[in-house]
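I opened a new page for this chain. Here is what I looked up, entry by entry.

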Amino acid sequence: MADKGVCSRLSALFLLVLLVISIGMMQLELAEARTCKTPSGKFKGVCASSNNCKNVCQTEGFPSGSCDFHVANRKCYCSKPCP
């Protein structure tokens, strides 16, 4: 008879732990905003410095930018939070 009480308490504790973990994972997904990238319209040449790319992107109205590989060379991509 005592085994049923212990078993039901362990089951309830297990379900509670799963609930807490799943709620934490949902909050992580909500906190991670997607980032949209678009090629810079003003940056010319091969992108060698993400800092230069970022500065050019800021003149285009984007909060950030970085050098990323495109086919065989590096291009400047401006980024902003997706709508």
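Predicted model: local features only at pLDDT ≥ 70, side-chain atom pairs only at ≥ 80, totals over all residues.

**Entry 1: the overall layout**

I count two helices and three strands in the chain; these are DSSP runs numbered from the N terminus, H or I over at least four residues for helices and E over at least two for strands. Along the sequence I read the pattern α-β-α-β-β. Residues are numbered from 1 along each chain as its sequence is written, and side-chain values use heavy atoms, with hydrogens and water left out.

I checked burial next: of the 83 residues in the chain, 16% are buried. Here buried means under 20% relative accessible area, exposed over 50% and partly exposed in between, with a 1.4 Å probe and protein chains only. I also looked at contacts, meaning heavy atoms within 4.5 Å. Of those between residues at least 6 apart in sequence, 40% join residues at least 24 apart.

**Entry 2: the sheet**

In what order do the three strands of the open sheet lie? I find β1-β3-β2, with antiparallel pairing; strands pair if DSSP finds at least two bridges between them. From one strand to the next, the twist averages 40 degrees.

β2 and β3 (residues 73-81) run antiparallel and are joined by seven bridges. I see C67 standing opposite C76 in β3. Helix α2 packs on the sheet and touches β2 and β3, its direction making about 125 degrees with that of β2. For that angle, axes are lines fitted to C-alpha atoms (for helices, over the stretch in contact), and angles run from 0 to 180 degrees between N-to-C directions.

**Entry 3: S40**

I found S40 in the loop between β1 (35-39) and α2 (50-59). Is S40 buried or exposed? S40 is buried, because its relative accessible area is 14%. Its side chain reaches the backbone nitrogen of F43 at 3.1 Å. With neighbours within four places in sequence left aside, S40 is in contact with V56, C57, E60, C76, Y77 and C78.

Q58 is in helix α2 and counts as partly exposed, because its relative accessibility is 40%. A polar atom of the Q58 side chain lies 3.4 Å from the backbone oxygen of P63.

I then jumped to S79 in strand β3. S79 is buried, with a relative accessible area of 10%. Not counting residues up to four places away in sequence, S79 touches residues including T35, F62 and P63.

V71 is in the loop between β2 and β3. I noted its positive phi of about 55 degrees, although V71 is not a glycine. V71 is exposed, with a relative accessible area of 81%.

Conventions: Polar contact = N/O pair within 3.5 Å; in protein donor to acceptor, adjacent residues only side chain to side chain.
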